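Hi,

Here is the model we talked about.

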Amino acid sequence: MNFKELFSTQKILVVGDSILDHYVYGKVHRVSPEAPVPVVLKNREEFFLGGAANVAQNITTFGANCTLLSLVGDDGDGKILFEKCIEKNIIPIFIEEESRPTTKKTRVIGNKHQIVRIDVETTCDLLENSTLKIIEIFEKQIQSHDGVIFQDYGKGLLTDYLLASLIEIAKKYSKKILVDPKEPDLGRYQGIDLIKPNLSEFKTMVNIKSEEDLEIEQIVNYAQLVMEEFDYQYFLITLSENGMLLVGRHFSHHIPGISVDVADVSGAGDTVSAVFGLGFFSGENGVLSNDDLIGVAKLANLAGSL
């Protein structure tokens, strides 16, 4: 399989919670006289795409086309997010809500160490009017895309009603669906093609205690039982330093982890979603062999590690 050639022909729709990542860099020379905290003398700041916008950025970085359907506030941060998307060749379709701030994470870095993170967000469900707008836009957009990735970060966009509506529309047009879930309720994702939890999320989904160790064979058995019940085609379970596990109805394959010096794990899951989605939505008539899917998973594992 020629991944580069395949990826450049893809057109993917990403729907989910976008985040503006804000970094403030400076030097620490002293402790504040007001409280026992470091004083950071700011010298620069940078903005990056996070959340669903980071998934979209990874997709366009591989030369593919990507439309991002997301929810922002009517504020300056929403405008910065929009402009950063344009810079990364993403087509942003943003629904604005005056009552909601654009989700932003500000990280203050002093002497190359993160000192504090400040979050701005509202996680309440989106408004009814916004829901209807997204459903209308989604139905128009999905017809010209090869597949859809739902990136859920629990910020209020992908409500039960909206997600069910969008899944129904995607299936109506025979489009593949990949979900990176936040909620443990597996029924929310009924009938999708692939779900991509990490191991901790997977344990919660199948009512296994987080501290309980599971062998690969046990994970496969749990996953295949769930797939039958909720009509999934595949699980892609990320296992942190132990790689990832691709599970189908009648096969499974464990991709071992790649040993790397970890500086920052932020965004690794987004990269996996993007790269696996690019491969998963490709293939003649959208159909890939198990061997090709394993190849795509290996590439996604490598990309996530990097």
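A quick definition before the helices: a crossing is called right-handed if the near helix is turned clockwise from the far one by less than a right angle, and left-handed if anticlockwise. Also keep in mind that this is a predicted model.

With that in hand, α2 and α8 cross in the right-handed sense. Helix α2 covers residues 52–61, and its axis is 8 Å from that of α8 at an angle of about 45°, which means α2 is oblique to α8. On the α2 side, the contact uses Asn54, Val55, Asn58 and Ile59, and α8 brings in Asp270, Thr271, Ser273, Ala274 and Leu278. By type, those residues are four nonpolar, four polar and one charged.

Helix α8 (residues 268–280) also packs with α9 (residues 290–305): their axes come within 8 Å and cross at roughly 155°. That angle is over 145°, so α8 is roughly antiparallel to α9. This crossing is right-handed too. Among the residues that meet here are Val272, Val275 and Phe276 in α8 and Leu293, Val296 and Leu299 in α9. The α8–α9 contact has eleven nonpolar residues, three polar and no charged.

Now the cysteines. How many disulfides are there in the whole structure? The search finds zero. For Cys66, the nearest cysteine sulfur belongs to Cys85 and is 8.8 Å away, whereas a disulfide needs the two sulfurs within 2.5 Å. Cys66 is buried, at 2% relative accessibility. Cys124 is partly exposed, with a relative accessible area of 44%.

Cheers

Conventions: Residues numbered from 1 in each chain as written. Predicted model: local features only at pLDDT ≥ 70, side-chain atom pairs only at ≥ 80, totals over all residues. Heavy atoms only, no water. Buried < 20%, exposed > 50% of the residue type's maximum accessible area, 1.4 Å probe, protein only. Axes fitted to C-alpha atoms, helices over the stretch in contact; angles between N-to-C directions. Helix = DSSP H or I, 4+ residues; strand = E, 2+ residues; numbered from the N terminus. Parallel < 35°, antiparallel > 145°, perpendicular 65-115°, else oblique. Contact = heavy atoms within 4.5 Å. Nonpolar A, V, L, I, M, F, W, Y, C, P; charged D, E, K, R; others polar.
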